[in-house]
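Please look over the sequence and structure shown here before reading on.

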Amino acid sequence: QLIMFTLTPRGDDDTVRRVVDHVVAHLDADLDTPTLAALANVSERHLSRLFVAQVGRTPARLVRDARLQ
């Protein structure tokens, strides 16, 4: 059902892959950008940049889209 999240994000960034996997596995959890950035051990700004570059959307948008599916 989560077709858009079964594809591996572009690039070889394990940080983005780890966060996407966490989001998909924990849709009912607190998944705001500060929480995800702490999980990835990067700043919120850096996480957002990585996501936009590799996934094409911000972490918050990915979470919202995942929850709506």
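The model is predicted.

## Nonpolar core

The largest nonpolar core has 14 residues. Those with the most contacts inside this core are Val-19, Val-23, Leu-36, Leu-47 and Phe-51. Helices α2, α3, α4 and α5 each supply at least two residues of the core, and the largest share, four residues, comes from α2.

In soluble globular proteins, nonpolar side chains tend to be buried together.

## Helix α3

Helix α3 spans residues 33-40, and its buried residues are Thr-33, Leu-36, Ala-37 and Ala-40. Viewed down the axis of α3, these buried residues fall within an arc of 100 degrees, so they line one face of the helix. The elements covering them include α2 (14-25), α4 (44-54) and α5 (59-68).

After α3 comes Asn-41, which has a positive phi, near 60 degrees.

Val-63 lies in helix α5. Its relative accessibility is 4%, so Val-63 counts as buried, the cut-off being under 20%. Leaving aside residues up to four places away in sequence, Val-63 touches Val-23, Leu-31 and Leu-36. Val-63 and Leu-31 are 32 residues apart along the chain, yet their C-alpha atoms are separated by 7.0 Å.

With the same exclusion of residues up to four places away, Val-23 touches Leu-31, Leu-36, Leu-62, Val-63 and Ala-66.

Key. Residues are numbered from 1 along each chain as its sequence is written. This is a predicted model: local features need pLDDT of at least 70, side-chain atom pairs count only at pLDDT 80 or more; totals for chains, interfaces and linings use all residues. Side-chain values use heavy atoms; hydrogens and water are left out. Buried means under 20% relative accessible area, exposed over 50%, partly exposed in between (1.4 Å probe, protein chains only). The arc is that of the directions from the helix axis to the C-beta atoms. Contact means heavy atoms within 4.5 Å. A nonpolar core is a set of buried Ala, Val, Leu, Ile, Met, Phe, Trp, Tyr and Cys residues joined through side-chain atoms within 4.5 Å.
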